[in-house]
Amino acid sequence: FRTVAFRQFASGHFPLWANCFFGGYPFHADPQAQLFYPPVWINFGALRFLGFSEFPLMALTAETISHYLAISVFAYFFLREECSSHIGALVGALVLAYGGYLTGYPPLQTGNIETTTWMPLLLLTLRRFTLTRSGRAAAAAVSVYGLAFVAGHPQTFLLVTYLGVGYFLFRARSAGRGWLWILKWLLVIFGLMALVVGAQLLPQTQFLQLSTRTSLPFCLLYTSDAADE
């Protein structure tokens with residue numbers, strides 16, 4: 001996917017379509033193409049600046065490593081505020097970033113690790129918003145949530161959403177916020193996020209609706225995924 005996108009980018013085209021899959025493929029609609037994910041374009045821009053005409057595997061490796069560093073830092077700052085302990089935050093960040101889950105399957109699929117990367121930063125912005133009701137914190141939460149969406153792994157994004165909503169409810173109730181306030185701001189955050197990522201959300205929604213994978217029974221999907229792993 002990176003090679004297909006970079007070749008078109010290097011030739012001056014935005015990779016909305018790819019002719020090399022089947023009879024043609026709506027490349028931008030596939031969430032795992034990650035076409036609207038800013039770090040991908042930073043990577044592409046750096047490669048073009050350095051004179052590359054093909055996407056090197058080392059660039060993908062560097063992109064993945066940078067996200068391990070990012071989630072380590074994000075987790076540390078979130079846990080330092082959450083538990084008020086530098087040692088606890090450091091241990092928690094190391095366990096999250098370099099434990100069994102994130103060093104298992106996610107490195108094999110960039111969308112997985114890159115979506116997960118924004119989870120602790122999302123929790124941090126939600127924590128600050130529920131405590132301060134700051135518009136800046138709300139904007140930060142929407143921006144980070146949008147980044148997690150365009151990072152390109154819908155299943156992981158759904159799990160991040162579950163955690164984010166649960167944590168928001170917990171923090172808001174602990175801060176004495178009423179249910180009406182909670183519902184209002186959940187609608188605002190989700191609504192603004194949908195607007196921010198609309199260029200990816202709309203084609204992706206149609207793409208997923210047309211996917212033949214949704215017609216497969218659960219037992220077959222589970223067996224197929226297990227065989228892949």
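Glu114 touches Arg2, Gln34, Tyr37, Glu63, His67 and Ala151, not counting residues up to four places away in sequence; contact means heavy atoms within 4.5 Å. The model is predicted: local features need pLDDT of at least 70, side-chain atom pairs count only at pLDDT 80 or more, and totals for chains, interfaces and linings use all residues. Residues are numbered from 1 along each chain as its sequence is written, and side-chain values use heavy atoms, with hydrogens and water left out.

Glu114 is found in helix H5. Helices (H or I, at least four residues) are DSSP runs, numbered from the N terminus. The relative accessible area of Glu114 is 0%, so the residue is buried. Buried means under 20% relative accessible area, exposed over 50%, and partly exposed in between (1.4 Å probe, protein chains only). Among the contacts of Glu114 is Arg2, and these two residues form a salt bridge. Their closest N and O atoms are 3.9 Å apart. A salt bridge is a side-chain nitrogen of Lys or Arg within 4 Å of a carboxyl oxygen of Asp or Glu. The pair links distant parts of the chain, with Glu114 in helix H5 (residues 110-116) and Arg2 in helix H1, 112 residues apart. Arg2 also counts as buried, at 7% relative accessibility.

By this rule the count comes to 7 salt bridges. Side chains of opposite charge can pair when their charged atoms come close. Glu81, Glu82, Arg127, Arg128 and Arg171 are linked in a network of salt bridges. One of the pairs is Glu81 with Arg127, at 3.7 Å from N to O. Glu81 lies in helix H3 and Arg127 in helix H6 (residues 119-132), 46 residues apart. Glu81 is partly exposed, with a relative accessible area of 24%. Arg127 counts as buried, at 12%.

Glu82 and Arg171 also meet in a salt bridge, at 3.0 Å from N to O. Glu82 lies in helix H3 and Arg171 in helix H8 (residues 154-174), so the pair ties together parts that are 89 residues apart in sequence. The relative accessible area of Glu82 is 27%, which makes the residue partly exposed. For Arg171 the value is 15%, and the residue is buried.

Helix H3 also packs against helix H4. Two packed helices are described by the angle between their axes and the distance between the axes. The axes of H3 (residues 57-83) and H4 (residues 86-98) come within 8 Å and cross at roughly 145°. Axes are lines fitted to C-alpha atoms, for helices over the stretch in contact, and angles run from 0 to 180 degrees between N-to-C directions. H3 passes H4 in a right-handed crossing. A crossing is left-handed if the near helix is turned anticlockwise from the far one by less than a right angle, and right-handed if clockwise. On the H3 side, the contact residues include Tyr68, Leu69, Ile71, Ser72, Ala75 and Tyr76. On the H4 side, they include His86, Gly88, Ala89, Leu90 and Gly92.

Thr117 lies in the loop between H5 and H6. At 1% relative accessibility, Thr117 counts as buried. Leaving aside neighbours within four places in sequence, Thr117 is in contact with His67, Ala70, Ile71 and Phe74. His67 is also among the contacts of Glu114.

The loop between H1 and H2 holds Phe36. Phe36 is partly exposed, with a relative accessible area of 30%. Apart from neighbours within four places in sequence, its contacts are Phe14, Trp41, Val150, Ala199 and Gln200. The C-alpha atoms of Phe36 and Ser84 are separated by 36 Å, at 48 residues apart along the chain.

Phe14 is found in the loop between helix H1 (2-10) and helix H2 (38-49). Phe14 is partly exposed, at 35% relative accessible area. Phe14, Leu16 and Trp17 form a nonpolar patch on the surface, with about 290 Å² of accessible area together. Patches are made of residues with over 30% relative accessible area and no salt bridge; like charges are joined within 9 Å, nonpolar side chains (Val, Leu, Ile, Met, Phe, Trp, Tyr) within 5 Å. Accessible areas come from the Shrake-Rupley method with a 1.4 Å probe, and for residues, only the protein chains shown count as cover.

Ser143 is placed in helix H7 (residues 135-150). Ser143 counts as partly exposed, at 43% relative accessibility. Ser143 and Val197 are 54 residues apart in sequence and 9.5 Å apart in space, C-alpha to C-alpha.

Definitions and conventions. Helix = DSSP H or I, 4+ residues; strand = E, 2+ residues; numbered from the N terminus.
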